Amino acid sequence: MDDFIAARSQMALSLAFHIIFACVGMVMPFMMAIAHYQYLKTGKDIYKGLTKAWSKGVAILFATGAVSGTMLSFELGLLFPEFMKHAGPIFGMPFSLEGTAFFIEAIALGFFLYGWGKFNKWFHWFCGLIVGISGLASGILVVAANAWMNSPTGFDYMNGQYLNADPIKAMFNEAWFPQSLHMTVAAFCATGFAVAGLHAYLILKKKNIRFHTKAFNIASMIAVIAALIMPLTGDIAAKSVAERQPIKLAAMEAHFYTEDKAALVLGGVPDEESMQVKYAIKVPRLLSFLVHNDFTSPVKGLEEFPRDEWPPVAITHYAFQVMIFFGMLMMLIGLVYLYFLIFRKKQNLPNWVYKLFVVATPFGYIALEAGWTVTEVGRQPWIIYGFMKTIDAVTPMPGIQYSFYIFTAIFISLSIVLVFLMNRQIQSVARLYDPEDPQFQSTKNS
């Protein structure tokens, strides 16, 4: 493995893990706040137990997210020093503000975890809400920095120099809103389905059913609402890509030739050499409509661009198809859930619906990882779109493959420990706060 591939692989691995921690940190505090609000309004201990269970999960994931996020910050400078040399002064503001949001989140989380019985109950609840708001702000600010790489602005480029930096303009670039909106909804969808699937599994195992049903109801509603909104945010993001990065859109769709009445490609195997897509299902005129709101407008194909500026077409296309496929599955599951909830007015769902959520536990994160692959791989060969190529930004230092192997081992070990701790926390707190569990009675009596 050469150093360029090793550097990109290490960055990809770090992002793939951190994005999960970050998304859980953005969403679970809001679930925690909902459960806490229910406890304050009803006084039922089961909601207090659910709040504590989720708060401990938030604390564990906050710690792991802080570690992986710090590693990413150093990796940007160590693996791609030429990039940070020029880009740092331009898009450094969202990173600085993200650090502020992180500190606010840490302080609020400390207040919440250790404030039981010490603060006014509504101030205590507000601290938990601040954890979610600051976590959400952190995520949006980081996405704004990534959006700048896709839509660089806020500087003048003259004779290879990046001059007259305007950090405000750079942060609020043309891509930040569609990317942030799509990413935020995706985080709620992915985390909602993951949490709902975990509790659905425990319901089917008949463990602390009442406790896990309360948890499932909160998580599933968040997941379903987000899943139904996702196509709208995806459409906004895709139209933005079509306008700013038409070559990325062409790679996403494996659209080799500029065409009027362009067809939407479903599936298929792209062949860059022959510039054909084999075994695909094509829906006539639909791509033109999705891009231009017009069934006849032309859509640029890859033929319009130099071959050395093409992103890896197959990877980008497959990742895009995976994202769409799992997104549609989650939307269908959401519609099934709403059917039973609204039209059948059933609070206790059939077991097969719970099984659907169990199967769908990883769907959101698969779609999320695929979406980030589209965003990052689809921008290649550029690290700053149109200005700096990734190969020109990488460190000249040798031996990067060894740090890649070490980081891989660290992240795998961290994931194993994380799963063990999360499972233990949920099970222990469920037993202590479920009135149907004998251990709850003995704890209450003591």
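**Close-up views of a predicted model**

**View 1. His317 is buried, with a relative accessible area of 0%.** Buried means under 20% relative accessible area, exposed over 50% and partly exposed in between (1.4 Å probe, protein chains only). The model is predicted: local features need pLDDT of at least 70, side-chain atom pairs count only at pLDDT 80 or more, and totals for chains, interfaces and linings use all residues. Residues are numbered from 1 along each chain as its sequence is written, and side-chain values use heavy atoms, with hydrogens and water left out. His317 sits in helix H10 (residues 313-343). Helices are DSSP runs of H or I, at least four residues, numbered from the N terminus. Beyond its neighbours within four places in sequence, His317 contacts Ala251, Met252, Glu253, Ala254, Val265, Gly267, Gly268 and Pro270. Contact means heavy atoms within 4.5 Å.

**View 2. Lys169 is partly exposed, at a relative accessible area of 48%.** Helix H5 (residues 167-171) holds Lys169. Neighbours within four places in sequence aside, Lys169 touches Thr153 and Gly154.

**View 3. Helices H1 (residues 3-42) and H2 (residues 45-79) pack at about 155°, axes 7 Å apart.** Axes are lines fitted to C-alpha atoms over the stretch in contact, and angles run from 0 to 180 degrees between N-to-C directions. H1 and H2 are therefore roughly antiparallel to each other, a term for angles over 145 degrees. The residues of the H1 contact with H2 comprise 19 nonpolar, twelve polar and three charged. Ala, Val, Leu, Ile, Met, Phe, Trp, Tyr, Cys and Pro count as nonpolar, Asp, Glu, Lys and Arg as charged, and the others, Gly among them, as polar.

How values were computed:
Helix = DSSP H or I, 4+ residues; strand = E, 2+ residues; numbered from the N terminus. Parallel < 35°, antiparallel > 145°, perpendicular 65-115°, else oblique.
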